[in-house]
Amino acid sequence: MITSHHIADLKTHLTQLKNKGLKIGFVPTMGALHAGHISLVDRAKKDCDTVVVSIFVNPTQFNNASDLASYPRQEEKDIQTLKENGCDIVFLPSAEEIYPPGYDSITIDLDPIENTMEGAHRPGHFNGVVNVVSRLFKIIGPHIAYFGRKDFQQVAVIKEMVKQLQFDIKIATVETKRDPNGLAMSSRNLRLSEQQKEEATILSQVLKKGKSWANTYSPYQTREKMKTYLSESSLELEYLQIVHPEDLTDLNQYWVEGATACIAAFCGDVRLIDNMELVEYT
């Protein structure tokens with residue numbers, strides 16, 4: 001496995017691979033890798049000849065300085081994990097490499113996708129996502145990039161970014177990987193105690209309840225029942241919305257195929273997100 005900290009070195013390796021006609025798969029991460037990340041690597045290995053994984057805790061997508069400071073970092077362990085799981089190249093740039101002097105920030109119109117849920121509660125978050133992912137796409141130039149469905153809204157933003165900036169890159173979404181108790185895998189879970197991990201399983205439980213209630217109730221009624229169910233837990237709800245799968249507008253009266261419930265809540269001081277498709281595509 002090749003480990004690269006600098007863009008120039010990385011591009012040298014990638015140019016050689018592309019000149020051979022090899023297909024490049026890319027998995028962008030912020031490190032603190034878990035089985036969910038490895039499922040992205042596994043999918044990329046099936047689809048592509050070479051898998052590149054980046055590890056970069058992007059400062060521009062954090063609107064809370066303490067959240068950035070407390071984000072788990074375990075670089076040496078992550079490198080070993082990637083080596084053991086068949087990654088070909090790991091890219092570990094510094095902030096100065098990604099955002100050099102004179103870097104021009106990208107701004108695109110993401111309305112209405114960014115004006116709800118994560119975008120409403122984390123101002124500037126998706127602008128940071130657009131800038132770092134577009135920068136990585138330009139540096140690596142992958143054929144396919146892989147993202148987890150847990151970050152449902154982020155995937156929608158990235159697909160819109162690819163469309164607007166006309167990247168010739170396919171975006172592949174991989175299903176959320178969960179612990180045996182149903183908790184969605186997340187790097188932030190490292191900050192939870194064992195008791196908190198058990199308490200946090202209420203998120204997947206309420207999503208499953210919502211899926212069953214969708215057979216009987218309207219989106220509005222289902223959402224309210226889910227909120228009531230969650231109110232009996234120790235978690236502090238930030239938002240719970242049922243949205244259209246493409247433009248993420250709220251659903252209230254009628255269901256659509258792919259209707260998805262998205263939730264964010266605090267377990268202690270750790271912010272967790274999860275989602276689930278309540279109405280399947282036929």
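Modeller: Val51 is a residue of strand E3, which covers residues 50–55; strands (E, at least two residues) and helices (H or I, at least four) are DSSP runs, numbered from the N terminus. This is a predicted model, in which local features need pLDDT of at least 70 and side-chain atom pairs count only at pLDDT 80 or more, while totals for chains, interfaces and linings use all residues. Residues are numbered from 1 along each chain as its sequence is written, and side-chain values use heavy atoms, with hydrogens and water left out.

With a relative accessibility of 1%, Val51 counts as buried; that word means under 20% relative accessible area, whereas exposed means over 50% and partly exposed lies in between, using a 1.4 Å probe and protein chains only. If residues up to four places away in sequence are not counted, Val51 touches Gly25, Val41, Ala44, Lys45, Cys87, Asp88 and Ile89, where contact means heavy atoms within 4.5 Å.

The structure holds zero disulfides, a disulfide being a pair of cysteine sulfur atoms within 2.5 Å. Cys267 is in no disulfide either, with the nearest cysteine sulfur, that of Cys262, 19 Å away, and Cys267 is buried at 1% relative accessibility.

In soluble globular proteins, nonpolar side chains tend to be buried together. A nonpolar core is a set of buried Ala, Val, Leu, Ile, Met, Phe, Trp, Tyr and Cys residues joined through side-chain atoms within 4.5 Å. The largest one here has 44 residues, and those with the most contacts inside it are Phe137, Ile140, Ile158 and Met161. Among the elements that give two or more residues to this core are helix H1 (7–19), strand E2 (24–29), helix H7 (125–140) and helix H8 (152–165), and the largest share, nine residues, comes from H7. Met161, leaving out residues up to four places away in sequence, touches Ile108, Val130, Val133, Ser134, Phe137, Gln166 and Phe167. Apart from this core lies another, of 24 residues, including Leu183, Met226, Ala259 and Leu272.

Met161 is one of the buried residues of H8, together with Phe152, Gln153, Gln154, Val155, Ala156, Val157, Ile158 and Val162. The expected span of a helix is 1.5 Å times one less than its number of residues; for the 14 residues of H8 this gives 20 Å, and its end C-alpha atoms are 20 Å apart, which agrees. H8 is followed by Gln166, whose phi is positive, near 60 degrees.

Charged side chains make links of another kind. Side chains of opposite charge can pair when their charged atoms come close. A salt bridge is a side-chain nitrogen of Lys or Arg within 4 Å of a carboxyl oxygen of Asp or Glu, and a search of the whole structure finds 13 of them. In one, the side chains of Asp67 and Arg188 meet at 2.9 Å, N to O. Because Asp67 lies in helix H3 (residues 65–70) and Arg188 in the loop between E6 and H9, the pair ties together parts that are 121 residues apart in sequence. Asp67 is buried, with a relative accessible area of 15%, and Arg188 is buried at 12%. A network of salt bridges links Asp67, Arg188, Arg191 and Asp269.

Glu224 forms a salt bridge with Arg223, the closest N and O atoms being 3.9 Å apart, and its side chain also meets that of Lys227 in a salt bridge of 3.9 Å, N to O. Lys227 and Glu224 both lie in helix H11 (residues 219–231), three residues apart, about one turn of the helix. Here Glu224 is partly exposed at 29% and Lys227 partly exposed at 31%, whereas Arg223 counts as buried at 9%.
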